[in-house]
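Student: Please take a close look at one part of this model, the aromatic pairs, and start with the surface of the chain for context.

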Amino acid sequence: MQRSANLLLRRVNDFLSPGPAPSEGPLPLPDHLIALPSREGVALLVGSLLGDYLRLSAHYVPQESPKFCGPATIAICLNALDLAPPEGAGWPKFTQRNIFTPGTDAVRTQDAVAREGMGLAVLADFVTAHGGRPEVRFAEHGSLEEFRAIACEVLADPQRHLAVNYLRPALGQEGRGHTSPLVAYDAASDRFLVLDTSLVRYPPVWARAEDLFAAMNTRAGAHTRGFAIVGRA
């Protein structure tokens, strides 16, 4: 057990060290969230359903700009599925830039995403454009129990990944709507691990299932926020 904990801690430190952090971050966490890079956070990881943690953390990239949580999440999930980026992408993996193509411009251009971000419907269209199979679930159409069951099922499936779209202030964080991959679940504490793409502001955190679902069950246009399952077509 100690060896496993040490290996996981090393992995946590590796992918949480992309370079010097800018002067404005990170921001303090509310008490009900548990930072992954902490003794308690690592202990939860060791005892959890690891699910997608190892698969997705290997492809983790922090978002390049304030509205690019969606592109970062898409790149992480598509690379974990080992899908091929578009021809002429200039890189053997998906990036937050090469996910934008003439085809996705019909959905939303890079400039528009940089200004407005992207919700679940747009994220799903991008995944489809790159050979993935998305399934969007709005929180208003489900329950906490359904979300927990579906999330645990997806976490146990290496061919599918899960992205959550939630309102940061509902979790006690600063900002507005945000999207990141969900990568692990600890049944004893009923917490999910959110692999936050905005690393300069917040580390990955363990959030209580009920709190996370409440943050997803917030209005964003015609629907509430929710989650998307990303798999192969």
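**Surface and aromatic cluster**

Tutor: The chain exposes about 10600 Å², of which carbon and sulfur atoms supply 52%; accessible areas come from the Shrake-Rupley method with a 1.4 Å probe, and for residues only the protein chains shown count as cover. This is a predicted model, in which local features need pLDDT of at least 70, side-chain atom pairs count only at pLDDT 80 or more, and totals for chains, interfaces and linings use all residues. Residues are numbered from 1 along each chain as its sequence is written, and side-chain values use heavy atoms, with hydrogens and water left out.

Of the 233 residues in the chain, 49% are buried (under 20% relative accessible area, 1.4 Å probe, protein chains only). The whole structure holds 6 aromatic pairs; rings of Phe, Tyr and Trp (its six-membered ring) pair if their centres lie within 6.5 Å, and planes under 30 degrees apart count as stacked, over 60 as edge-to-face and the rest as tilted. Phe 147 and Phe 192 have ring centres 5.3 Å apart and planes at 50°, so this pair is tilted. The pair links distant parts of the chain, with Phe 147 in helix H8 (residues 144-155) and Phe 192 in strand S5 (residues 191-194), 45 residues apart. Helices (H or I, at least four residues) and strands (E, at least two) are DSSP runs, numbered from the N terminus.

Phe 147 is buried at a relative accessible area of 1%, and Phe 192 is buried at 0%. Phe 192 also forms a tilted pair with Tyr 185, 4.6 Å centre to centre with 40° between the planes. Tyr 185 is buried as well, at 9% relative accessibility. Ring pairs link Phe 147, Tyr 185, Phe 192, Phe 213 and Phe 227 into a cluster.

Note on methods. Buried means under 20% relative accessible area, exposed over 50%, partly exposed in between (1.4 Å probe, protein chains only).
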